[in-house]
Amino acid sequence: NQRSYNPEMGGRNAPKYALMVILNRSRSTIGRWVNQKQLPEPLRHENGRLIGWRRREINSFLNKPQTT
């Protein structure tokens, strides 16, 4: 059961809203997971604003075995 980032939901990078849809999680949960290093580090603009995640990193995250 592999999941992957759908490129039709954005360009080369996966924006936060795409992860919210794919993972069915809130904006604050995505932010918390980034802070807790549970998600790969997002790309950021030089002013610090979040741009998104590299598609390959998100696909790798989505396809790694789940631990409970």
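Guide: Contact here means heavy atoms within 4.5 Å, while helices (H or I, at least four residues) and strands (E, at least two) are DSSP runs numbered from the N terminus. This is a predicted model, in which local features need pLDDT of at least 70 and side-chain atom pairs count only at pLDDT 80 or more, whereas totals for chains, interfaces and linings use all residues. Residues are numbered from 1 along each chain as its sequence is written, and side-chain values use heavy atoms, with hydrogens and water left out.

Visitor: Against which elements do the buried residues of H3 pack?

Guide: In helix H3 (residues 55-63), Ile58, Asn59, Phe61 and Leu62 are buried, that is, under 20% relative accessible area with a 1.4 Å probe and protein chains only, where exposed is over 50% and partly exposed lies in between. They lie on the same side of H3 because they cover an arc of only 160° around the axis, taken from the directions from the helix axis to the C-beta atoms. The elements against which these buried residues pack are E1, helix H1 (16-23) and E3.

Visitor: Which residue is the bridge partner of Arg44 in E3?

Guide: Two strands pair if DSSP finds at least two bridges between them, and strand E2 (residues 43-44) pairs with E3 in the antiparallel sense over two bridges. In E3, the partner of Arg44 is Leu50.

Visitor: Which residues does Glu41 touch, not counting residues up to four places away in sequence?

Guide: Glu41 is found in the loop between helix H2 (27-35) and E2, and it counts as partly exposed because its relative accessibility is 43%. With that sequence neighbourhood left out, Glu41 touches Val34, Trp53 and Glu57.
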